[in-house]
Amino acid sequence: MSSALSTVIIIASLLAAAYSLVTTLRDRAMGWDHLAALGVLEALLVAQMVVGFVKLSGDEGPGDTATFVGYLIGVVLIPVVSAGWGLLERTRWGPGVIVVACLAVSVMVVRLGQLWEGTVV
C-alpha cells in the first residue's frame with residue numbers, strides 16, 4: 001500500500017470530521033461544503049482502492065487477502081452512505097453522522113495499513 005496516499009486520506013478525513021464537528025456544535029444542517037469534502041475523500045479512497053487492487057494483482061499482498069479486500073471495498077462505501085444519511089437528516093445531527101463516518105474512515109485506513117504490513121493488533 002502507499003503510505004503517502006494513506007496519510008493524505010487520514011488527514012483529509014480528520015479535517016472533514018473537524019469541520020463537520022464545528023458545524024454540529026453550531027447547530028447547523030449539512031451543506032454543499034460537506035458534500036464537497038466527502039467528494040474529495042471519496043476520490044482519494046477510490047484511488048487507494050485502485051492502487052490496492054493493482055498491487056494485489058502483482059506479487060505483493062497481505063497474508064489475509066479476504067479481510068484486506070473487505071476493508072478496501074467497505075471503506076469506499078462509508079462517505080457515500082454518510083452523505084445520503086446526512087442529507088436526509090436536516091438537523092444538527094446530519095453533520096454529526098459525517099463526523100462519525102470520517103473518524104471510521106481514518107481508523108479503517110490505519111487498519112488497511114496494518115493488514116498490508118501483517119501487523120496483528
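**Burial, helices and surface**

Modeller: Serine 6 is buried, at 12% relative accessible area; buried means under 20%, exposed over 50% and partly exposed in between, with a 1.4 Å probe and protein chains only. This is a predicted model, in which local features need pLDDT of at least 70 and side-chain atom pairs count only at pLDDT 80 or more, while totals for chains, interfaces and linings use all residues. Residues are numbered from 1 along each chain as its sequence is written, and side-chain values use heavy atoms, with hydrogens and water left out.

Biologist: Where does serine 6 lie, and what is it in contact with, leaving aside neighbours within four places in sequence?

Modeller: Serine 6 lies in helix H1. Helices here are DSSP runs of H or I with at least four residues, and strands are runs of E with at least two, numbered from the N terminus. Leaving aside neighbours within four places in sequence, serine 6 is in contact with Gln48 and Val109, where contact means heavy atoms within 4.5 Å.

Biologist: What is the mean pLDDT of the protein chain?

Modeller: The mean is 91, and 97% of the residues reach 70 or more; pLDDT is the predictor's confidence in each residue, from 0 to 100.

Biologist: Let us turn to H3. Which of its residues are buried?

Modeller: Phe68, Leu72, Val75, Val76, Ile78, Pro79, Ser82, Ala83 and Gly86 are buried in H3. Their cover includes H2 and H4. As for its span, H3 has 24 residues and reaches 35 Å from first C-alpha to last, close to the 34 Å expected at 1.5 Å a residue; the expected span is 1.5 Å times one less than the number of residues.

Biologist: What is leucine 72 in contact with, again leaving aside neighbours within four places in sequence?

Modeller: On that basis, leucine 72 is in contact with Gln48, Met49, Gly52, Phe53 and Leu112. Leucine 72 counts as buried because its relative accessibility is 1%.

Biologist: And which residues form the nonpolar patch on the surface?

Modeller: Phe53, Ile73, Leu77 and Val81 form that patch, with about 350 Å² of accessible area together, by the Shrake-Rupley method with a 1.4 Å probe, counting only the protein chains shown as cover for residues. H3 gives the most to the patch, with 3 residues. Patch residues have over 30% relative accessible area and no salt bridge; like charges are joined within 9 Å, and nonpolar side chains (Val, Leu, Ile, Met, Phe, Trp, Tyr) within 5 Å. A salt bridge is a side-chain nitrogen of Lys or Arg within 4 Å of a carboxyl oxygen of Asp or Glu.

Biologist: How far apart in space are leucine 35 and alanine 83?

Modeller: They are 6.6 Å apart, C-alpha to C-alpha, and 48 residues apart in sequence. Leucine 35 is found in helix H2.

Biologist: What about tryptophan 116: buried or exposed?

Modeller: Tryptophan 116 is buried, with a relative accessible area of 12%. This residue lies in helix H4, and its C-alpha is separated by 7.4 Å from that of phenylalanine 68, 48 residues apart along the chain.

Biologist: Finally, which residue has a positive phi although it is not a glycine?

Modeller: Aspartate 27 does, at about 60°. Aspartate 27 is found in the loop between H1 and helix H2 (32-57). Most residues other than glycine have a negative phi. Just after H4, glycine 118 takes a positive phi of about 85°.
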